[in-house]
Every structure is written in C-alpha cells, then in structure tokens.
Amino acid sequence: MAIYQISYELRTKDFDYSNLFDFLETNQKESETIQVLDNVWWIYYRESGMELNKDNLLKKLTGFMGREDILFINDVPTSNYAGRLPKRNWDWLLKHNQKYN
C-alpha cells in the first residue's frame, strides 16, 4: 500500500473534467483522498479490494483528462516531511500513515 500525491495542470480547453472531479471527490467522501492544494491531492486508494498502483492510477486519471493536460504522480513519504498545511491535512496523513505502516 502507498499514499500517492497527484499533481496536475488542466490545460485542454472546452474539456469536460466532471469524471476526474467525481473520481477525486467521491473518494474524498470515503476519507481516501484529500485535496492538499488547488491542483494537488493525496490518495490512499483501493479498487475492488485491490491496491491501485501508480501505473493503474495513471491510466485511470489520464482517461479523465484531455491531451494537453499535465499529470504527475509520486509517493508521499511516510516520514521525514515538513510543511505548512491545515490541520485536517496532517490528520489525514497521520491516519493513513498508520494504515500504511
């Protein structure tokens, strides 16, 4: 299992991103994703009981995006990090780090 960070820039004009935001926001309600910055999300995700790896996540997300869009996915470290974020982000990270470790 891992916690991934999804960073993106949506550049495709007149593209319907509703499926992308539905995917992110639906998981947020299940406390599996959290929006960290305007275009950055953390995700701790299982699909049909199986872990979603970076390659599968990349394929899924690019299916919701236009050709001009930019997407970067990386692991969120489970230790040795620092930042200035709202408490809800730190709480989420702590909760999901406990699942990870």
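Author: Strand 2 (residues 33-37) and strand 3 run antiparallel and are joined by 4 bridges; two strands count as paired if DSSP finds at least two bridges between them, and the elements themselves are DSSP runs numbered from the N terminus, helices being H or I with at least four residues and strands E with at least two. This is a predicted model, in which local features need pLDDT of at least 70 and side-chain atom pairs count only at pLDDT 80 or more, whereas totals for chains, interfaces and linings use all residues. Residues are numbered from 1 along each chain as its sequence is written, and side-chain values use heavy atoms, with hydrogens and water left out.

Between strand 2 and strand 3 there are 2 residues, and the two strands form a hairpin, in which Thr 33 stands opposite Ile 43 of strand 3. Strand 3 is also joined by 4 bridges to strand 1 (residues 4-9), again in an antiparallel arrangement, and here Ile 6 has Trp 41 of strand 3 as its bridge partner. Along strand 3 (residues 40-43), Val 40 and Trp 42 point one way while Trp 41 and Ile 43 point the other way, yet all of them are buried, a term that means under 20% relative accessible area, with exposed meaning over 50% and partly exposed in between, for a 1.4 Å probe and protein chains only.

Turning to the aromatic rings, the structure holds 4 aromatic pairs. One of them joins Phe 15 and Tyr 17, whose ring centres are 4.9 Å apart and whose planes make an angle of 55 degrees, a tilted pair; rings of Phe, Tyr and Trp (its six-membered ring) pair if their centres lie within 6.5 Å, and planes under 30 degrees apart count as stacked, over 60 as edge-to-face and the rest as tilted. Phe 15 counts as partly exposed because its relative accessibility is 31%, whereas Tyr 17, at 11%, counts as buried. Phe 23 and Phe 64 also make a tilted pair, because their ring centres are 5.8 Å apart and their planes stand at 45 degrees. Since Phe 23 lies in helix 1 (residues 18-29) and Phe 64 in the loop between helix 2 (54-62) and strand 6 (70-75), this pair ties together parts that are 41 residues apart in sequence, and both Phe 23 and Phe 64 are buried.
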